[in-house]
Amino acid sequence: MTVTSTTSRMPPYAGNGAATAFPVDIPFPAADCVRAILSRPGQPDADLVRDTDFTLTGAGDPNGGTLTFPKAGSAYGVLAAGEHLHILRVLPLTQERAWDNVDAIDAEEIEAGDDRLTMIAQQLQEQLDRALVFPATAEPQIDPAAYSAEVAAARDAAQTAQSAAETARTGAETARTGAETARAGAEAALAATQAEHTAAVADIQAEGAAQVAAVTAEGDAQDARVTAEGNTQDARVVSQGDTQVARVIAEGDAQVARVGGSHAHDDRYYTEGEVDAKLAGKSDTGHGHAISNVTGLQTALDAKLAAAAQAVDSDKLDGMQPATAATANTIAQRDASGNLTAGILYGTATSARYA
């Protein structure tokens, strides 16, 4: 046969959890010339064993054959997502045909030998393609092992640096998230504080308005009570004075009636002269009395509030004195500016307002 393919391996097959038949589109002279490797994330590569883990057809066929994996009873399952199957042609680097000068030359044997050498050359090239190769101008004294160690060390250092950078980036992102969270918390706290401040100001204003309204209402009520009480006392004094005057006039009229007319009196009655003497000390029917003529009247009136007076003008209400300052046991009085000064005001308000 001829070897028209230029490769000695198949592209890796990616698992999908279903496929079990994998084409081998490269010629291979015998079944033991095919190597199958299973690669899995986070695990070492596994060399699969023919007739234990997989079966193979197509040995000696120029078009190749088919590899079936897994074989029934294998320790491995169907190729899963993330897993890969690698199929390579691997021939032993041997030459097992001995030629004698007297042997007949068989063209097919020569062709088979050429095919084998070509496959070995492709196999070696595939390995070189995966190897670290120095340029043609490299110094001959370069130690490949030492050079590989330096490359591995550089790789490890790069991976360490990358890991540190990723860790630092993660830390920075965490710090940024924390800062953003803290800022959001601060903004929320500020908004809550502003809302509480606004509510507190509104409460203080409402309470102040309620207290002002309560003080005003109480002052007006006290003023009205004092005025009403003064008017009542004034009316009572006038009424009592009128009653006393009427009683005196009635008594005089009754006495005059008793002594009038033509009749005789014995010594049990007053004589005319005696009656006249008595009447001389009485007032006429149509007369008036000065306040001074009524015993105790002036003193009683002096203790009362004038009809046109106001509570704040009087110091005769239960002995209380008016005051514009917050003085104990006094009557609250507005000052020249119309302001009312007091200590603590107690009361219950159903509504309030302030200027």
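A polar contact is a pair of N or O atoms within 3.5 Å; within protein, one must be able to donate a hydrogen and the other to accept it, and residues adjacent in sequence count only if both atoms are side-chain atoms. In this predicted model, local features need pLDDT of at least 70 and side-chain atom pairs count only at pLDDT 80 or more, while totals for chains, interfaces and linings use all residues. Residues are numbered from 1 along each chain as its sequence is written, and side-chain values use heavy atoms, with hydrogens and water left out.

A polar contact of this kind, at 3.1 Å, links the side chains of H86 and S39. H86 lies in strand β7 (residues 84–89), strands being DSSP runs of E with at least two residues, numbered from the N terminus. With a relative accessible area of 17%, H86 is buried, a word that means under 20% relative accessible area (1.4 Å probe, protein chains only). Leaving aside residues up to four places away in sequence, H86 touches R9, P12, R35, A36, I37 and S39, where contact means heavy atoms within 4.5 Å.

Strand β3 (residues 34–39) is mostly covered, since 5 of its 6 residues are buried. Two strands pair if DSSP finds at least two bridges between them, and the pairings of β3 are as follows.

| Pair | Bridges and direction |
|---|---|
| β3 and β7 | 6 bridges, antiparallel |
| β3 and β4 (residues 46–47) | 2 bridges, antiparallel |

Within these pairs, S39 stands opposite H84 in β7, and I37 stands opposite D47 in β4. The strands β3 and β4 form a hairpin with 6 residues between them, and G42 in the turn has a positive phi of about 75°.

Technical notes. Helices (H or I, at least four residues) and strands (E, at least two) are DSSP runs, numbered from the N terminus. Buried means under 20% relative accessible area, exposed over 50%, partly exposed in between (1.4 Å probe, protein chains only).
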